Amino acid sequence: MSKNEPKPALMSSSACRYTFDPSTQTDAELQTTWECPHEAHPESEYCVFHMSRDERVAHDVTADDIVDVLQTNLESPDTRVNEYVGADLPHLSLTYQDINGSTNHVLNFQHADIDGLDLTHGRLDQGLILREATIGRLKFEDSVVTGVVEASDLTVQGTVTTDEATFEQDVRLDGAVFHGDVDCDETTFRGDTTFEAATFHGVAHFRNVETSGSSHVLEDHISFADATFRDDASFRQAAFEYVTFEGAQFTAGSDFEHADFSGNARFDGATFQQMADFDEARFDDDASFEDVRFMQLAEFRGVEFNGGSRTTNDDVTFEGAVFESEADYKLAHFRFADFKDATFKGQVNFDRATFTARADCHRVQIADELDLACATFEDEVDFSESSFGDDVIAVETEFQGDATFDEVTFDARARFDEARFNEDASFSAATFHGLAEFRGAVFEGEARHLEENASFREAVFRKDAEFEAANFTNVSFWDATFHGRCDFRHAIIHESAQFRLLDGERDTYVDFTDATINGGTISQVGGDAIPYDLTRATIGDIQLEGQGNEHELLDHFRFCLTEFDHFDFSTHHAYLERNDWTIHDFVGNNATGQFAVEMNNEIIEETYRKAQDSADAVGDTPASREFEFKRYYYNRKTNLDIIRSEYSLNALGRVKKSASVILNMFMQVTCGYGNRLPRIAAFTFLLPALFGLLYALGGPFLTQAGSVFNASGVDKTPPDVLFDSVYYSYISFSTVGYGDINPLGPAARVLAASQGMLNGLFFTLLTFTLFKRVLGGS
C-alpha cells in the first residue's frame, strides 16, 4: 500500500512518525489528521504496524511479532493503542486464539492494507474496524466474534470464508468489494448485518446462514440492498428474520431454495439476470417483490408465502414486477397476494398453487401461456383489465371466493374446463379472441355482489364458445357478442339465465341441446335474430322477448323433443294464434348445421305432445287444445309415412294403419280432435239439411215428400217439397221416425238408414267436444 508522506512527529522521539490525512481520502470517516500512538521500532522511525515491508524484513520483524504486539496492546488502558489506521500488514494468523483483552477496546484497522486475516477456530471479543481497508484474504471459519464488526467499503482481493462462524453483534459491510469467492455457509449473524451496496465478483455462498438482529423499526436484520452479485449467489436453506435485497443486482444465478424467511423480506427493485431459484422457500411474514425484474427463469415451485399477523393484505407482492422469461409457481402456497401491474413475457405456471386469501391480479400482462390447472383460490381473485397473449389453462381450477375477470383480453385459447366457481364469477366486458372453453365448469355462487353469480355481460367471443355440461345457478349473457357457435349442450341453469346476444361479424347460433334452463329471459334484439337450438332441452319459466320482428320470434327457437317444464305459453298466445300454433318451424342461418335430432313427423308429434303436457300442467287450456290438435295431425302424417315407406309391414298391419289414418282424418275434419266445438256443432245440426237437399232431388233419393222437379205429381209446390224433404231428413237423423214420410228410392233408403247411425256418432262427438270445452281436459 502506498502511504502518505510522514509529517514531523508531534510526540517524543520514540513515537511512530506515521500520520493519516483524511483530506486525501475520498471516503474517509476521520475528521482530523490521525497520528500513530505506538512506539517506533528501536531501529526505525515507525512502529511495526507502519514500517515498510522491506524494513520489516531488514529488522527481522515477523507476522507473529506483530500479533504479539497486538495482543499486548489489548491489555493497555489507553484506547488509542488499538488503533492501526493505515497499517500495512502481512498475513495475520489468529487461528485457535482467544483475542480477549481486559479493556474490550476496539481493534481499528481502518484504511489498513493487510495481506490476510485468519481467525479460524478462534474467538475475538473485541470490536473490529476494517472500514475502507484492503485485505488479501479473510478467514473466520468456525470462529466467534462477539464485538461489532465495522467494515464499510472494505476491499477483499481474495476469498472470504466464515463457514460456521458466529457474529454476536452488528456486522457492517456496506459498500464492500469482494473480488474472490465469499463462503459464509452456516454462518450465524446475531446482530444487524448489512452488505448494502456491496459487490461480489466471485461466487457468494450464504447457504444455511442464520440471521437475527434487533432493528425492529427498520426491519432489516440483514441487508443486501443495492448489492451486486456478479457470479452465482446461493442462499439455499438460509434462515432469515428481517432481510432486504432491495435494488440488488444478480448478474448470474441466484439460489434461495429452501430458504426460510421468518420476518419481512424485501426484494423491491432487484434484478435477476439469470435464473432465480426460490423453490420451496418459506416466507412467514410479508414478502415484497415490487418492481423486481426477472430476466430468465423465475422458479417459485412449492414456495410458501404465509404472511405476517400484523397486516391483513399483501402478504406477498409482485406489483409492477417484470418476468422476461418463464415464471414457475407450481404447488406454491399464497395468503394475501398482489400481482397488480406485473408483466410476464414468458410462460406462467400456477399448477396446483393455493391462494388462501385475496389475490389481486389487476392489469396483469401475460404474453405467453398461463397455467392455473388445479389451482385453488380460497378467497376472492381479481384479474380485471388483464391481458393474456397465449393460452390460459384453468382446468379443474377452484375459485372459492369471488372471481373477477372484467375487461380481460384473452388473445388465444381460454380453457376453464371443469373449473369450479363457488361464489360470484364475472367476465363482464371480457374479450375472447380464441376458443373459450368452459366445459363442465360449475358456477354455483350466491350472487352476493352481482345480480347474477356468473356474469358475461357485454363479453365478446370472437371464436366458438364451449359451455357444454356447464352448471350455473344464475347466469347473464346480456348484450354479449358471439362471432361463432355457442355450445351449451347438456348445460344446467338451476335458477335464471339472461340472454340478449348482439350480432357479430359472422352468423352464430346457441346450442342448448339436452340442456336445462329453469328460468330467466331470452331476448332477441332488432336486426338478424340469433337462432337457439332447444333440441331435447328442458325449459322452465323462461320469458321469450323480441325487439322488432315479434311475429317471427319463436321461429328462431328450435323446439324438438323439448321438455316444457312449467313453461308459460300464455305470454305468447298472440304469436301462436297468428302462426296457427306452430312451434316446430325453425329459421336457421349459416351457422346452424348438423342437429342432434333431425325433424320428421314422428319427432314433431312427440314435440307437440310434450308441449301439450306442459300446457296441461300449468292450466293453459287453450294452448293444450291447440297442441293436442297438432299432435294428432302429425300422428296421422306419421302413420302415412309408415304406410308409404315401411315395406316390412304386413297386410293386416297396413289395414290397421290405414284405418287409423282414416279415423284421424275424420276426427280432424269433424271435431278437430275434440277441440273445434263450432265445427262439430255445424256438422251435427246442418248435415241433415244437406241430406234433405238430396231427398228433394228425387230419382234414387225419392221419398214420399216428392221431388222438386215433379212437385205437381204429389200436388205440392217445389218449396213445399223442399221443406218436407228437409223435415224428413231431420226426423230420420233424430231417429224419431213419425212414419208420415217414407223413403221410396234405393239411395233414399240407404241414407235414411245411415242417418240414424250418424246421429249417434255426431251427437257423441258433440258431447265429447262440449265436455272437453267445459272441463278443459284432454
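Predicted model: local features only at pLDDT ≥ 70, side-chain atom pairs only at ≥ 80, totals over all residues.
Beyond its neighbours within four places in sequence, Phe339 is in contact with Phe318, Tyr329, Phe334, Phe344, Phe350, Phe355, Asp360, Cys361, His362 and Val364. Phe339 is placed in the loop that runs between β44 (337-338) and β45 (343-344). Its relative accessibility is 2%, and Phe339 therefore counts as buried, the cut-off for this class being under 20%. The C-alpha atoms of Phe339 and Thr317 are 6.0 Å apart in space, while the two residues are 22 apart in sequence.

Charged side chains were examined next. Side chains of opposite charge can pair when their charged atoms come close. In total, 44 salt bridges are found in the structure. One of these joins Arg609 to Glu606, with 2.5 Å between the closest N and O atoms. Both residues belong to helix α4 (residues 601-617), where Arg609 and Glu606 are three residues apart, about one turn of the helix. Arg609 counts as partly exposed because its relative accessibility is 26%, and Glu606 is likewise assigned to the partly exposed class at 26%. Elsewhere, salt bridges with shared partners connect Glu319, Asp338, Lys340, Arg358 and Asp360 into one network. Asp360, a member of this network, is also among the residues in contact with Phe339.

A further salt bridge is formed between the side chains of Asp125 and Arg123, at an N to O distance of 3.0 Å. Asp125 has a relative accessibility of 17% and so counts as buried, whereas Arg123 is partly exposed, with a relative accessible area of 34%.

The side chains of Glu468 and Arg489 also meet in a salt bridge, with an N to O distance of 3.4 Å. This pair links distant parts of the chain, 21 residues apart: Glu468 is located in the loop between β66 (465-466) and β67 (471-482), and Arg489 in the loop between β68 (486-487) and β69 (492-502). Glu468 is classed as partly exposed on the basis of a relative accessibility of 23%. For Arg489, the relative accessible area is 29%, and this residue is partly exposed.

Asp64 counts as exposed because its relative accessibility is 53%, the class being defined by values over 50%.

Notes
Residues numbered from 1 in each chain as written. Heavy atoms only, no water. Helix = DSSP H or I, 4+ residues; strand = E, 2+ residues; numbered from the N terminus. Buried < 20%, exposed > 50% of the residue type's maximum accessible area, 1.4 Å probe, protein only. Contact = heavy atoms within 4.5 Å. Salt bridge = Lys/Arg side-chain N within 4 Å of Asp/Glu carboxyl O.
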